[in-house]
Amino acid sequence: PDCLVLELWSRLVLPPDLAGAPLPLVGWYIDAPINMYWLEPLLPLFSLLCVDQLTVQPRLSALGHPAHWLPLCARHDWFRPPQPAKDGLLFIGTRNRIRRKRENIIARIQEQTALTCLDGLSFAEAQDRLAGAALSLNENLFPGVTLRIFQSLAAGALPFTERLSPGLDKLLTEGEHYLAYGPHDLREQLAEACAHPQRCADMAAAAQTLCRERHADTQRAAELLRLLQSPSTTLTPPADFPDDRRRRAELGVALAGHALTVRYGGSVGPYLTALARLAQGTDAVAVRAQLHLGLRQARRGKAVEAQRTFMRACELAHGLPPSGPGAAEDLRGTALLRLAQLHEACRHTADCRQILSLLGRTDARLAAALSRPVPPHVPVEDVLPLQLAYAAQALGHHGYAGFLTPKGFILPEGAAELALLAWERAPSEPALSFLFETFTALGIELELYPLLLDALPRGLLSDAHILHTARLAEQCYDAATARQIAAAWRKRPEVRKLKK
């Protein structure tokens, strides 16, 4: 074989020795927006990188790893012959209280027409049911072109999908191959579809034909072959990488494998062994390995060991030559940040403040970050999480959309999670503003909606945040709550004075 193509999605078990593969590796990142927490470390491993969603391309380019957009597709055995419609509108997918937007969409539709909801089906069973549906409801966990779109197309069910789907208009034409809706026109679009069943059936047939011709697995395989054969593609086996890239690839496999086992279970032993070996070096890879081992020690209650590991990382990072704009400084700053976080978690307030002061004196970006607003009249120990969040953002640790660690998790790594910790410790306008900033940057602003609904009756929101909550209610298809919030805000005395 010429190369090995890896389709990378959740619940994989990564071979610990993948960075020594004798064949060039090609990566196809699936559900990339919510899997970057473990996919990002693997970037040095691949000679060619493809992603299923357009939205992650800018981030990967900024990291120095341009990726090709290779959308998802329909498997050849998903196609079904035309069948009489048994279900008018069908939804196949998970339902739970966490997916608030999805539940609101389903509730609004069921107020208007019949909707069949199914879960736990095999792919074959799902295709058989979709083949008997006129419309297939799709709701997006993240903006993009989801697999449910291609399942629906192949089965002959017309997709009825959220309009916020970057890339969909490059593959299909709205009004010809799918119907789209948004928070403000869901009812109208649904009524139009229900009023013209034959038109929907004709669109579904045309969409299935287009899917068979352009968006089946054979077409995607041909697209991938063209990329592989391009003169701009250089295929190099990881076994032949230069030492520096080989070590970065080994670190990536260890970090990704460890993240997957923490999330889904499995043996962490091989990945920890690799991290311990890599940590014995004297380069940036060794620093990153030490930082990760220190985080694991801290989360297992071994604070003294974690402090020693972070201190070694600080000393080693201090001696590194700059390898790019801010590269060595970022590692030094990150090592000190983790040490400050450890002191904060152990309630060593003075030590944490001392390290933050040092960070502010040695890095202009951190000095600006640490001068951002903090809540007044709050004990200093409760201000520290927000300052740590500011520092994490300045160092480029924004967090990941797909794996916000649970409440109470020791030493969260990203600014978004530290902002949550800051809000839990001391709810304030600066903490909430930073929560909006960090969650919006990750594209998960709607995840704040439950928090805002809880804070609203407690009087914790500013006027700007109240109006923002109303806008999020609209985006969550919760029109009644949006109207209630807006009406209550308009009745406030200060608002009435402004109107006069």
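Reader: Which side chain does a polar contact of 3.0 Å join to that of Ser-165?

Author: That's the side chain of Asn-140. A polar contact here is a pair of N or O atoms within 3.5 Å; within protein, one must be able to donate a hydrogen and the other to accept it, and residues adjacent in sequence count only if both atoms are side-chain atoms. Keep in mind that this is a predicted model, where local features need pLDDT of at least 70, side-chain atom pairs count only at pLDDT 80 or more, and totals for chains, interfaces and linings use all residues. Residues are numbered from 1 along each chain as its sequence is written, and side-chain values use heavy atoms, with hydrogens and water left out.

Reader: Ok, and where does Asn-140 lie?

Author: In the loop between β7 (133–138) and α5 (147–155). Helices (H or I, at least four residues) and strands (E, at least two) are DSSP runs, numbered from the N terminus.

Reader: Is Asn-140 buried or exposed?

Author: Buried, because its relative accessibility is 4% (buried is under 20% relative accessible area, exposed over 50%, partly exposed in between, with a 1.4 Å probe and protein chains only). Its side chain also has a polar contact of 3.0 Å with that of Asn-138.

Reader: Switching topic: how many disulfides does a search of the whole structure find?

Author: 0, taking a disulfide as a pair of cysteine sulfur atoms within 2.5 Å. For Cys-3, the nearest cysteine sulfur is that of Cys-50, 10 Å away.

Reader: And what about Cys-476?

Author: Cys-476 is in no disulfide either; the nearest cysteine sulfur belongs to Cys-117, 18 Å away. Cys-476 counts as buried because its relative accessibility is 3%.
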